Amino acid sequence: MKLYIIAGEASGDLHGSNLIRELRASQPDISIRAWGGDLMQAQGATLIKHYRELAFMGFVEVLFNIRTILRNIAFCKKDILEFRPDAIVLIDYPGFNLRIAEWAHLQGIKVFYYISPQIWAWKESRIHGIKKNVDHMFVVLPFEKEFYNKYQYEVTFTGHPLLDVISAREKNEIKFKSENHLDERPVIALLPGSRKQEIATMLPVMLQVAEKFSDFQFIVAAAPGQELSFYNSFIQKKKFTVLQGKTYDLLLHARAGIVTSGTATLETGLFSLPQVVCYKGNKISYLIARKLVKIKYISLVNLILNREAVKELIQDEMNVNAIAEELHSLLYDEKRINRMKSDYAEMHNTLGGPGASQRTASAMLKILSGRK
């Protein structure tokens with residue numbers, strides 16, 4: 001059996017790697033060719049393109065890089081035809097993957113989509129292309145099944161794969177601080193995003209906030225696809241620690257987090273870590289998005305709970321004073337801290353329990369083998 005998997009960012013690489021592990025557990029001789037990252041490659045996939053070459057976001061940024069994107073799409077189609085997979089597995093990354101889905105359907109290639117594009121947030125009209133071109137959709141958020149049901153499109157809710165990744169962690173603060181050469185002060189986690197344009201916008205502001213809290217040490221979580229020298233260019237001679245490949249250990253041992261909107265907000269919530277969610281992008285892209293996006297919140301925690309459990313500071317609201325004020329509350333207001341942790345527990349209970357990657361792999365193999 002042969003599968004072709006496409007993930008375009010760090011979170012997709014993580015979920016893709018766990019899916020590959022479970023696929024191989026059931027079918028050891030499966031051949032997998034992939035666009036993704038180091039984690040998918042470590043699970044035995046033949047890596048064709050790394051996601052750091054694909055990470056364009058925002059309307060303006062996509063426009064500037066349209067030639068590269070179109071070249072990547074053309075190359076991807078050619079590579080799929082040469083590989084002749086039994087199915088392709090598309091992981092989120094809709095701008096690219098929905099184009100591949102349409103093309104693959106015309107070629108008669110079976111299309112699985114794992115982790116739905118957020119069409120419930122914007123571009124809801126994409127549902128018609130998904131119904132036509134995607135043979136089966138596997139969703140990881142509980143409200144997505146209800147959303148697709150509105151359009152008479154049956155999807156499978158397999159639960160969120162992050163539950164498996166996070167449940168196995170054990171806390172040992174002394175060991176964590178010793179191994180990473182940290183001092184005795186409590187830790188604050190800084191998660192400035194995974195793409196260069198996000199980090200360049202978010203990290204300088206986060207570092208300014210840190211200067212207001214001298215009783216704490218602020219640790220920067222570096223994305224696996226970025227060079228440490230890129231982070232150090234913002235830190236320069238300031239005394240901040242950057243940890244790469246240790247984000248979950250950091251979230252486990254921190255007192256609070258300043259988190260860029262994205263999958264990291266859900267990860268932080270699953271660790272029950274008090275957080276303030278931040279986002280600031282290109283002004284033109286933001287203005288366009290504000291007109292098009294139909295959701296009330298940007299963080300997955302708030303979207304899942306359908307209320308503001310964590311504070312969101314977006315665009316001009318994302319400034320040093322506003323973040324510092326919210327962080328102070330998360331560190332010293334016990335009532336606020338306990339309420340947020342209670343909200344996290346409620347969110348956790350809606351996400352389907354452990355075993356999401358295994359359930360998804362099993363369902364895919366069942367479909368491909370023709371079993372009912």
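Helices, of at least four residues, and strands, of at least two, are DSSP runs numbered from the N terminus. This report uses those names throughout, and the model it describes is a predicted one.

## The seven-stranded sheet

An open sheet is formed by seven strands, and their order is E3-E2-E1-E4-E5-E6-E7. The strands pair in the parallel sense. At the edges are strand E3, residues 46–50, and strand E7, residues 156–157, each of which pairs on one side only.

Strand E1 covers residues 2–7 and strand E4 covers residues 87–91; five bridges connect them in the parallel sense. In this pairing, Leu-3 is placed opposite Ala-87 of E4.

A helix also lies against the sheet. Helix H7, residues 142–149, lies across strand E6 (136–139) and strand E7. The direction of H7 makes an angle of about 145° with E6.

Phe-143 belongs to helix H7. Its relative accessibility is 25%, so Phe-143 counts as partly exposed. Apart from neighbours within four places in sequence, Phe-143 is in contact with Trp-120, Leu-303 and Ile-304. Trp-120 is 23 residues away from Phe-143 along the chain, and the C-alpha atoms of the two are separated by 9.6 Å.

## Two residues with positive phi

Most residues other than glycine have a negative phi. Ile-115 has a phi near 75°, which is positive although the residue is not glycine. Ile-115 is located in the loop that runs between strand E5 (110–114) and helix H6 (127–133).

Gln-152 also has a positive phi without being glycine, with a value near 55°. The loop that holds Gln-152 is the one between H7 and E7.

Are these residues buried or exposed? Ile-115 has a relative accessibility of 10% and therefore counts as buried, the limit for that class being under 20%. Gln-152 has a relative accessible area of 66% and is therefore exposed, as the value for that class must be over 50%.

## The six-stranded sheet

A further open sheet has six strands, in the order E10-E9-E8-E11-E12-E13, and its pairing is parallel. Its edge strands, E10 (241–244) and E13 (311–314), each pair on one side only. From one strand to the next, the twist averages 25°.

Within this sheet, strand E8 (residues 187–191) and strand E9 (residues 217–222) run parallel and are joined by four bridges. Val-187 stands opposite Gln-217, which is in E9. Helix H13, residues 263–270, lies across E8, strand E11 (256–260) and strand E12 (275–279), and runs at about 160° to E11.

The loop between E12 and helix H14 (283–292) contains Asn-282. With a relative accessibility of 29%, Asn-282 counts as partly exposed. Glu-198 is 84 residues from Asn-282 along the chain, yet their C-alpha atoms are separated by 9.7 Å.

## Thr-360 in helix H18

Which helix holds Thr-360? The residue lies in helix H18, which spans residues 356–369. Thr-360 has a relative accessible area of 0% and is therefore buried.

The side chain of Thr-360 takes part in a polar contact of 2.9 Å with the side chain of Thr-158. A polar atom of the Thr-360 side chain also lies 2.9 Å from the backbone oxygen of Ala-356. When residues up to four places away in sequence are not counted, Thr-360 touches Leu-19, Tyr-114, Phe-138 and Thr-158.

The table brings together the accessibility of the residues discussed above.

| Residue | Relative accessibility | Class |
|---|---|---|
| Thr-360 | 0% | buried |
| Ile-115 | 10% | buried |
| Phe-143 | 25% | partly exposed |
| Asn-282 | 29% | partly exposed |
| Gln-152 | 66% | exposed |

## The second largest pocket

The second largest pocket holds about 310 Å³ of space. It is lined by 20 residues, and those closest to its centre are Lys-171, Leu-252, Ala-254, Arg-255 and Leu-273. Helix H12 (247–253), helix H16 (320–332) and helix H17 (334–349) are the elements that give two or more residues to the lining. Helix H12 gives the most to the lining of this pocket, with three residues.

Key: Residues numbered from 1 in each chain as written. Predicted model: local features only at pLDDT ≥ 70, side-chain atom pairs only at ≥ 80, totals over all residues. Heavy atoms only, no water. Buried < 20%, exposed > 50% of the residue type's maximum accessible area, 1.4 Å probe, protein only. Polar contact = N/O pair within 3.5 Å; in protein donor to acceptor, adjacent residues only side chain to side chain. Contact = heavy atoms within 4.5 Å. Pairing = 2+ DSSP bridges. Axes fitted to C-alpha atoms, helices over the stretch in contact; angles between N-to-C directions. 1 Å grid on protein atoms, 1.4 Å probe; cavity = no way out; pocket = protein on both sides within 12 Å on 5 of 7 lines; lining within 4 Å. Points joined across faces, edges and corners; volume = space filled by probe spheres on them.
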